[in-house]
Amino acid sequence: MSNLHSWFPGRISMLMVVLSLVAAACTASYGAQVTEVTGVNEQTPEGYLQAQATPQASPSARAGSAVLSSEQAGGTGQAGQAQRESAAAAEVTVTAKEFQLQPATIAIPAGKVVRLTFRNEGAVEHDFEVQGLRADEVVVVERSANLSAAMSANLDQQTSAGQVYAAAAPGEATTIEFKVSTSGRYQAVCTIPGHKEAGMTTEVVVGRGASQGHDHQMHQNSGSMPHVSHASVVKAGKYGLQEIKPRIVHGVKVFNLTAEHVKWEVLPGEYIDAYAYNGMVPGPLIRVKEGDRVRIHFKNELPEPTTIHFHGNTLPNSMDGVPDVTQPVVKPGQSFTYEFKAEPVGTFIYHTHHNSAIQEPKGLYGVLIIEPRHQKKSYDQEVIQVLSEAEGYYLINGKAFPATTPIKAKRGERVLVRLINLGQMVHPMHMHGNPFEIVATDGHDVPPAARLTKDVVTIGPGERYDLLVKMDNPGKWMFHCHILSHVQNHGQEPGGMITLVNVSK
Ligand SMILES: [Cu+2]
């Protein structure tokens, strides 16, 4: 029986390889398909036998590729070669838990065999899909033993289609080998519904720019704190949104913003791998008066290009910060100067507009407040609450509860809460004890007759609500997100998006 077993699949797979190579050759002879199936190359530097069938190639070519893979990995025929390749392969480890993927940036060399181990240290099943990244082929070298049937089928389907993908049951690992030839930047996620939104995303850099981080990554263990060699450490003692004072040059208010790579402390001893303006998350508060001439000297000290978009205030099109539309991208080491007249009055934001899905959640955002030049203030105290999510943490002003800063007010005080969502999720924010009136939306006043009094306001990405809270009810209250998984740190309540509101008698 065992003889039959070892003989039978081997012969069939060899037959299928031959058939698929014939199929590939046949397909290649039809003009339209030539670019899709580039043929068979047995002489790559590593001797890595590749049938370079893209996902669009004929099903038989794909099947052949998958069978070829299992032979290389599985010890029939080319086991010795597979072992030699493994010895030379670049090793990468990705760790999953609820709800994060580590490290925050994964460097993958191009044109080299990569052995990627996906380790699930969480309590539920997770997977790892590098979105849009196809390899010549993906070999499952070691397979998580207790995958659910659905996840197991998904692993087979995805890898045989050349998708860089792995899945693992809790406490287990899956190892894949693959080789990708083109440089690029990708987002990797856990595809289980809700997990990406909860923070299970990471960045994958292939090729150029990857080699620098690669050596470091090979020596890195999979601890919860990502170590980034060139990022400075910013302690919890330092808060985001610090107001920066301008230099006045010929009547123009001049601010300096520098984007840099830091480790930002969100809870005592817990860091995210952040991109930050002036070393803080959120970036500095820029506060100006209506009609001011504002100039912002921006310097990019990130390892990648970026731009700044000022969001909501009126400005000339050339200052809108959209790369290749209104300006060239600002490359690492380069600078760009933004200038506009501050108008209208209101709560505005600024943020990256390049590789935004990666850069903005890393912390490239800040707040711009344009105040009236004369009008008397209708509140006693102003508080800014910037919501965001990063690496599974739910943050207010760059910190997770209990590291968030409490609001302190005297009984009867009118507090203006500038609520700002710079995350990628919707958050229904609830105020205990004292209801609020929505006095402005997205930087525009709400006419008094149209103002709603509420205790929950749901705010989407990019939105701003100015809430006027009359603190008539003394006590220790909470202002928090009402999606209750957002008031947790690592699945433990309380945490995340909570600010204490302390109203004295
Ligand atoms: Cu929320």
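Trainee: Which residues does the UniProt annotation "binding site" cover?

Mentor: Happy to begin there, and keep in mind that this is a predicted model. The annotation comes from an unreviewed UniProt entry. Its two residues span 41 residues in sequence, yet no two of their C-alpha atoms are more than 7.6 Å apart, so they gather at one spot.

Trainee: Is His-311 buried or partly exposed?

Mentor: First place it: His-311 sits in strand β19, residues 308–311. Around it, beyond residues up to four places away in sequence, it touches Phe-348, Ile-349, Tyr-350, His-351, Gly-462 and Arg-464. Buried would need under 20% relative accessible area. With a relative accessible area of 21%, His-311 is partly exposed.

Trainee: And what is the relative accessible area of His-351?

Mentor: His-351 belongs to strand β21, residues 346–352. Setting aside neighbours within four places in sequence, its contacts include Tyr-277, Glu-360, Leu-422 and also His-311. His-351 counts as buried, and its relative accessible area is 9%.

Trainee: What does the side chain of Asp-273 make a polar contact with?

Mentor: Asp-273 is in strand β16, residues 270–277. It counts as buried, at 3% relative accessibility. Its side chain has a polar contact at 2.9 Å, and the partner is the side chain of Lys-362.

Trainee: Now a sheet: which strands stand at the edges of the open sheet with 5 strands?

Mentor: The order is β5-β12-β11-β7-β9, with mixed pairing. Two of these strands have a single partner strand each, so one side of each is left without a neighbour in the sheet. On average, neighbouring strands are turned by 20° against each other, direction ignored. The edge strands are β5 (105–108) and β9 (163–168).

Trainee: In β12, which residue is the bridge partner of Ile-106?

Mentor: Strands of a sheet pair through backbone hydrogen bonds, either parallel or antiparallel. Here β5 and β12 (residues 201–206) pair in the parallel sense over 4 bridges. The partner of Ile-106 is Val-204.

Trainee: Which helix packs on this sheet?

Mentor: Its residues are 149–160, and it touches both β7 (126–134) and β9. The direction of this helix makes about 160° with that of β9. The helix is α4.

Trainee: To finish, what percentage of the residues of the chain count as buried?

Mentor: The chain holds 6 helices and 34 strands. Among contacts between residues at least 6 apart in sequence, 74% join residues at least 24 apart. Of the 505 residues, the buried share is 52%.

Methods: Residues numbered from 1 in each chain as written. Predicted model: local features only at pLDDT ≥ 70, side-chain atom pairs only at ≥ 80, totals over all residues. Heavy atoms only, no water. Pairing = 2+ DSSP bridges. Helix = DSSP H or I, 4+ residues; strand = E, 2+ residues; numbered from the N terminus. Axes fitted to C-alpha atoms, helices over the stretch in contact; angles between N-to-C directions. Contact = heavy atoms within 4.5 Å. Buried < 20%, exposed > 50% of the residue type's maximum accessible area, 1.4 Å probe, protein only. Polar contact = N/O pair within 3.5 Å; in protein donor to acceptor, adjacent residues only side chain to side chain. UniProt positions renumbered as here; feature names shortened; annotations may be inferred.
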